[in-house]
Amino acid sequence: MKKIPLILFATLLFLMTPYCHAKKTTTQYPVVLVHGLMGFDNLLGLDYFYNIAKSLSQDGTLVFTPAVSAINSSEVRGEQLLTHVKAILALTGANKVNLIGHSQGAQTVRYVASVRPDLIASVTSIGGANYGSGIIDLISQKLPANSQAEQTARFIFDGVGGVISLLSGHSQLPQDTLGALNSLSKQGADVFNQKYPEGLPENKCDQGQLVAENGVYYFSWSGTAALSNILDPTDLPMLLGSLLILGKDDGLISRCSSHLGHVIKDDYDMNHLDEINQFIGLHNFREVDPIELYRQHVKRLQELGL
């Protein structure tokens, strides 16, 4: 008879594992980490937000890392995320969640907060493509509409997205390269921003409002260093990307494009991957540890009653 409660406990723990990483929270509402373009929750044992959810969980924060399409439009990804948010609220009994999105994940979380602000306590953009990416514009220029090049790129990258989703255990998620390119182009971002303007500053490079008209708190931070660790093999593509962007940037997103709501800091000595503690935690060791930034932000949310 004593084995029955243990079996029930183990079963419940197994069922909750895909969604959560802790039993309690230091914030009033759960924290949800949302990956960017060509991202995942966990790929063959590697977390997109490397060791971040684990570290926050060890601190007592209730953290969720749902997966959305690796390659798709921000609105489609946003609808997928909204389904996850509803499931998280049903699972935890919470009334709201704190959304944190990296790269395209910033647009993804903004969409959810715009269409269902009643479910969202805060939105945080990390290296967010809030005004699009110059890199995406350059790629799009090489892919004229309905051209062979466009069709080839679509076939290849839809396949890459499918492989990412398959290896991360989410093969049912649809992929749409053209939808992603449109969302992340400057023109597409402008259209997105007109539909979902909450949290944006009046001028691109300025501070936005801490609390938007929808009652949601908005924050952002980003880096401006392509090369941050000589041992990190991913610094080279970040450097190449940075050479194609005017002004300061993190290798993929310009400093001003990352601005949303209250800008905590927009010039950390980090590149786009350092912002999520990749590659495997290699970053500029003279700069604050990326994990510590997330810890500080959780404390910030806690102090605001979120």
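Here is a walk through this structure, from its nonpolar cores to one of its helices and then to its aromatic rings. Keep in mind that the model is a predicted one.

Let's start inside. In soluble globular proteins, nonpolar side chains tend to be buried together. Here, the largest nonpolar core is made up of 28 residues. If you want to find it on screen, look for Val32, Leu81, Val85, Val97, Leu99, Ile120 and Val123, the residues with the most contacts inside this core. Several elements give two or more residues to it: strands S1 (31–34), S5 (97–102) and S6 (120–126), along with helices H3 (74–92) and H4 (104–115). Helix H3 supplies the largest share, with five residues. For a closer look, pick Val85. Setting aside its neighbours within four places in sequence, Val85 is in contact with Val97, Leu99, Leu119 and Ile120. There's also a second, separate core, this one of 23 residues, with Leu56, Ile71, Ile100 and Ile276 among them.

H4 has twelve residues and spans 17 Å from its first C-alpha to its last, close to the 16 Å expected at 1.5 Å a residue. How many of the twelve residues of H4 are buried? Eleven of them are, which leaves this helix mostly covered. The buried residues include Ala106, Val109 and Val112, but also Gln104, Gln107 and Arg110.

Next come the aromatic rings. The structure holds six aromatic pairs. One of them joins Phe40 and Tyr48 edge-to-face, with 5.7 Å from centre to centre and 90° between the planes.

Another edge-to-face pair brings together Phe49 and Tyr294, at 6.3 Å centre to centre and with 80° between the planes. This pair links distant parts of the chain: Phe49 lies in the loop between strand S3 (46–47) and helix H2 (52–58), while Tyr294 belongs to helix H10 (residues 290–303), 245 residues apart. Both Phe49 and Tyr294 are buried.

One last stop involves a ring and a charge. The charged end of Lys265 sits over the ring of Tyr268, 5.5 Å from the ring's centre.

Note on methods. Residues are numbered from 1 along each chain as its sequence is written. This is a predicted model: local features need pLDDT of at least 70, side-chain atom pairs count only at pLDDT 80 or more; totals for chains, interfaces and linings use all residues. Side-chain values use heavy atoms; hydrogens and water are left out. A nonpolar core is a set of buried Ala, Val, Leu, Ile, Met, Phe, Trp, Tyr and Cys residues joined through side-chain atoms within 4.5 Å. Buried means under 20% relative accessible area, exposed over 50%, partly exposed in between (1.4 Å probe, protein chains only). Helices (H or I, at least four residues) and strands (E, at least two) are DSSP runs, numbered from the N terminus. Contact means heavy atoms within 4.5 Å. The expected span of a helix is 1.5 Å times one less than its number of residues. Rings of Phe, Tyr and Trp (its six-membered ring) pair if their centres lie within 6.5 Å; planes under 30 degrees apart count as stacked, over 60 as edge-to-face and the rest as tilted. A charge sits over a ring if NZ of Lys or CZ of Arg is within 6 Å of the ring centre and within 35 degrees of the ring normal.
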